[in-house]
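Q: I'd like to learn how to read this structure bit by bit. Can you walk me through it?

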Amino acid sequence: MASYRLTGGQIIRDGTLAAGDLAIADGVVAEAAPGARVIDATGLILAPGIVDLHGDGFERNLSPRPGVYFDLDTALMETDAQLVTNGITTAYLALTISWEPGLRSLDQGRALIAAWQRLRPHFMADIRIQLRWEIYALEAADQIEAWLSLDPAPMLAFNDHYLNLLADGREADKVAKYAARSGLSEAEFRALIARVGARADEVPGTIARLATAAKAAGVICLAHDEKSPEVRHDHRALGIDVCEFPLTRPTAEDAIAKGEHTILGAPNVLRGGSHIGAIDAAPAIADGLCTCLASDYYYPAQLRAAAKLGNGSAEALARHWAVVSTNPAAAAGMAPRGTLTAGAEADVIALRLTDAGPQTEMVFRAGNLVWSRAQRAAA
């Protein structure tokens, strides 16, 4: 394995920015790397690679329009390229396993995981799976439990997006979109919602079963779109410890008070607020209510959100970098990944702040130089 010494740059460590050399040897950040290839990093910021705990942007690579599908190999390899060029070195694909047919069906999930397992040796990023289980997809419970033994280990997110599609006015407006995505007519989709809701009494026991199985397997569990501290309490009692996209400030406050990680979407920062009227991420970060930003549905968002939080200042960028790297790695049980401390796996991005925004120049994954803007330009 090649070793490197990056000289002349500024290094992000523990929220601070300092000039110095960064050595990489045997796949990890090293104190020194004798005989290493020397790379001039003058003018660049050297940061731990971005860790994305929840990204479903890959769905647009698979199905850019309702009913239009591309093959999984093409979609996943394109996703890998998007991740790395946006500085994401570790990514959990938020693979929704729903009761809907089509894009988010159990069959589609099985096919995607099979393709992911086959293609993993070819990825530049460390791409993993977040099993984003819709809790009314009861027929998927056995498969979800079996997938808890995937290698590398997945995370398991508990979601309930669709039960109230008919009752909630805001969600009712989305029925046509969801129907198109599933390949059903709107009437057929509404009938499906009714059939799914009729099994509501089976849901709590299945949630408890899968949470228990995940805990036994050492799989980290997340709860998505929690509406209140009471819901957070119920999930905490089941060992669902990560609060993903809390809808209200009191919910986030409750999680933080218990030392739990809270995840919000980086697009929320870029757009100046939540597109569904939930917590505004930038003030939440300032108030200590958000420990992690995820790409959510837009892979460029984490890098650009960190820069926006820094307001163009490299020093402020360094102070905010933990929300896209160190903290997500810790939430996923991957520390010291997400840091540039000696001995940490060498996931490193070299970036430049420009008038057009942050620009990724080089990406190292586990000590390997996997992408370089200069090399790409010279090719």
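Q: How many bridges join E2 to strand E3?
A: A quick word on the ground rules. This is a predicted model, where local features need pLDDT of at least 70 and side-chain atom pairs count only at pLDDT 80 or more, while totals for chains, interfaces and linings use all residues. Residues are numbered from 1 along each chain as its sequence is written, and side-chain values use heavy atoms, with hydrogens and water left out. Helices (H or I, at least four residues) and strands (E, at least two) are DSSP runs numbered from the N terminus. Two strands pair if DSSP finds at least two bridges between them. Here, E2 is joined to E3 (residues 28-30) by three bridges, and the two run antiparallel. Ala25, for instance, has Val28 in E3 as its bridge partner.

Q: What sits between E2 and E3?
A: Two residues, and the strands form a hairpin. Asp26 in that turn has a positive phi of about 55 degrees. To put that in context, most residues other than glycine have a negative phi, and most peptide bonds are trans.

Q: In which sense do E1 and E2 pair?
A: Antiparallel: E1 and E2 (residues 16-25) share eight bridges. Gly9 is partnered with Gly20 in E2. E1 and E2 also form a hairpin with two residues between them, and Asp14 in the turn has a positive phi of about 55 degrees.

Q: Where does Asp296 lie?
A: Asp296 is in the loop between E13 and helix H13 (301-309). Its phi is near 60 degrees, a positive value in a residue other than glycine.

Q: In what order do the eight strands of the open sheet come?
A: Follow E6-E7-E8-E9-E10-E11-E12-E13, with parallel pairing. At the edges are E6 (50-55) and E13 (292-294), each pairing on one side only. On average, neighbouring strands of this sheet are turned by 25 degrees against each other, direction ignored. Zoom in on E8 (residues 126-134) and E9 (residues 155-159): they run parallel and are joined by five bridges. Glu134 has Asn159 in E9 as its bridge partner.

Q: Which strands does helix H8 touch?
A: Contact means heavy atoms within 4.5 Å. Axes are lines fitted to C-alpha atoms, for helices over the stretch in contact, and angles run from 0 to 180 degrees between N-to-C directions. H8 (residues 203-217) packs on the sheet and touches E8, E9 and E10 (221-224), and its direction makes about 165 degrees with that of E9. H2 lies across E7 (88-97) and E8, running at about 135 degrees to E7.

Q: At roughly what angle do the axes of H2 and H3 cross?
A: Roughly 60 degrees, with the axes of H2 (residues 72-85) and H3 (residues 106-119) coming within 10 Å. Angles under 35 degrees count as roughly parallel, over 145 as roughly antiparallel, 65 to 115 as roughly perpendicular and the rest as oblique. That makes H2 oblique to H3. Among the contact residues are Leu76 of H2 and Trp116 of H3.

Q: How do the axes of H6 and H7 cross?
A: The axes of H6 (residues 175-182) and H7 (residues 186-197) come within 9 Å and cross at roughly 95 degrees, which makes H6 roughly perpendicular to H7. The contact includes Tyr178 of H6 and Phe189 of H7.

Q: How many aromatic pairs are found in the whole structure?
A: Three. Rings of Phe, Tyr and Trp (its six-membered ring) pair if their centres lie within 6.5 Å; planes under 30 degrees apart count as stacked, over 60 as edge-to-face and the rest as tilted. Tyr4 and Phe364 have ring centres 5.1 Å apart and planes at 70 degrees, so this pair is edge-to-face. Tyr4 lies in E1 (residues 4-13) and Phe364 in E15 (residues 357-365), so the pair ties together parts that are 360 residues apart in sequence.
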